[in-house]
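Here is a briefing on one protein chain. Please keep the sequence and the model at hand while reading.

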Amino acid sequence: MILIIGAGTYYYSLFLTHPPGTGPVQISMSEAKISTDTNEIWIIGLGDSVTAGFGASAGKSYWDLLVNNAQEEDLSLGGKCLKRIYPNLISTNLSKSGSTSLQHERQQIPRLPRDAQRKAIIVITTGGNDLIHSYGKEPPKEGAMYGATLDQAKPWIQNFGVRLDKMVREINTHFPKGAEIYMATIYDPSDGTGVMRHTGLPEWLDGVKILAEYNKLILNLNKNHPNVRVVEMHQAFLGHGLHARHWWEPYYDPADPFCWLASNIEDPNDRGYDAIQRLMWNAIATRIVRSP
């Protein structure tokens, strides 16, 4: 009986619980000097629930922390936020939870302000809902391809690449003085395994392959658009998904063996948002803030 209870407890702790851990994630943040530029800089958020901050505690979304974390008690942030760097910062978040890349192109890009005077910083998370919707409840289709085979998804993948290119080109027309675009890759809740057991989602063998193709398009976007900076969210989150406690998996992180995803599996928890904010900050600080 003791052995059975012990084995059951061990199984439960490894496969059925996903503790988030405590404290800030161990991603160091770049230093940046306060800008002497007195012009107003416009930071704009586009995309899905990750940029919208779905499920984050008050003030803990990556957007909130990136724009202004002056009240944040986490000393490791050290006031590293854009409002401190750019005192005249203007912020607008157009992202929407549950939205797909098709909606980002058709609904959010047209809502972008046009400004001939200001430079812009654009942060984007897109494509994740294209993959996970509609959770295997309906036959896969473009924008809701969960359960698709790689062959079935190939035209949708190609369309995603065309869509990204059109979005960037359109953003550039809205800000002739310059727009630096920071686009995140898409994280993998399965930690690269493709195994989504105990989530209630059906098996999807080609999911990791399709995700890799989506991320490849994001990673290569700056070949034609030098103002696009890729933020490697996918790589950073490996080992912090559903298999975070599995010491035998290749991406196991013994320094932080905890899950950065919320209970719904598709959105970050507070520590996940902390990680994204740090990744975004580092990308922006080394490119925009230090530029002449």
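Leu164 has a relative accessibility of 1%, so Leu164 counts as buried. Buried means under 20% relative accessible area, exposed over 50%, and partly exposed in between, with a 1.4 Å probe and protein chains only. This is a predicted model: local features need pLDDT of at least 70, side-chain atom pairs count only at pLDDT 80 or more, and totals for chains, interfaces and linings use all residues. Residues are numbered from 1 along each chain as its sequence is written, and side-chain values use heavy atoms, with hydrogens and water left out.

**Overall make-up**

- The chain has ten helices and five strands. Helices (H or I, at least four residues) and strands (E, at least two) are DSSP runs, numbered from the N terminus.
- Of the 292 residues in the chain, 51% are buried.
- Take the contacts between residues at least 6 apart in sequence: 77% of them join residues at least 24 apart. Contact means heavy atoms within 4.5 Å.

**Leu164 and helix H7**

- Leu164 sits in helix H7.
- Leaving aside neighbours within four places in sequence, Leu164 is in contact with Thr126, Met183, Leu217, Ile218 and Leu221.
- Leu164 and Leu102 are 62 residues apart in sequence, yet their C-alpha atoms are 9.7 Å apart.
- H7 covers residues 150-174, 25 residues in total. From first C-alpha to last it reaches 35 Å, close to the 36 Å expected at 1.5 Å a residue. That expected span is 1.5 Å times one less than the number of residues.
- H7 bends by about 25 degrees at Trp156. The bend is the angle between axes fitted to the seven residues ending at a residue and the seven starting there.
- Buried residues of H7 include Trp156, Ile157, Phe160, Arg163, Met167 and His174.

- All seven residues of S1 (residues 41-47) are buried.
- Ile41, Ile43, Gly45 and Gly47 point one way from S1, while Trp42, Ile44 and Leu46 point the other way. In a regular strand the side chains alternate between the two faces of the sheet.
- S1 pairs with S3 (residues 119-125) in the parallel sense, over seven bridges. Two strands pair if DSSP finds at least two bridges between them.
- Gly45 has Val123 as its bridge partner in S3.
- S1 and S2 also run parallel, joined by four bridges. Here Ile43 has Ser91 of S2 as its bridge partner.
- S3 is mostly covered, with six of its seven residues buried.
- S3 and S4 pair in the parallel sense over six bridges. Ile122 has Ile181 of S4 as its bridge partner.

**Nonpolar cores**

- The largest nonpolar core has 38 residues. Such a core is a set of buried Ala, Val, Leu, Ile, Met, Phe, Trp, Tyr and Cys residues joined through side-chain atoms within 4.5 Å.
- Residues with the most contacts inside this core are Ile44, Leu46, Ile122, Leu131, Met145, Ile171 and Ile210.
- S1, S3, H6 (128-132), H7, S4 (179-184) and H8 (207-219) each supply at least two residues of this core. H7 gives the most, with eight residues.
- Apart from this core lies another, of 37 residues, among them Ile41, Val231, Ala283 and Ala285.
- Ile210 touches Leu131, Met145, Ala148, Thr149, Leu150, Ala153, Ile157 and Trp204, not counting residues up to four places away in sequence.

**Ser95 and helix H5**

- Ser95 lies in the loop between S2 (90-93) and H5 (101-108).
- Why is Ser95 classed as buried? Its relative accessible area is 12%.
- The side chain of Ser95 makes a polar contact with the side chain of Asn93, at 2.5 Å. A polar contact is a pair of N or O atoms within 3.5 Å; within protein, one must be able to donate a hydrogen and the other to accept it, and residues adjacent in sequence count only if both atoms are side-chain atoms.
- A polar atom of the Ser95 side chain lies 3.1 Å from the backbone nitrogen of Ala52.
- Beyond four places in sequence, Ser95 touches residues including Gly45, Asp48, Thr51 and Gln108.
- In H5, Ser101, Leu102, His104 and Gln108 are buried. Their cover includes S1, S3, H6 and H7.

**Ser28**

- Ser28 lies in the loop between H1 (2-16) and S1.
- Ser28 is exposed because its relative accessible area is 62%.
- Ser28 and Leu279 are 251 residues apart along the chain, and their C-alpha atoms are separated by 9.0 Å.
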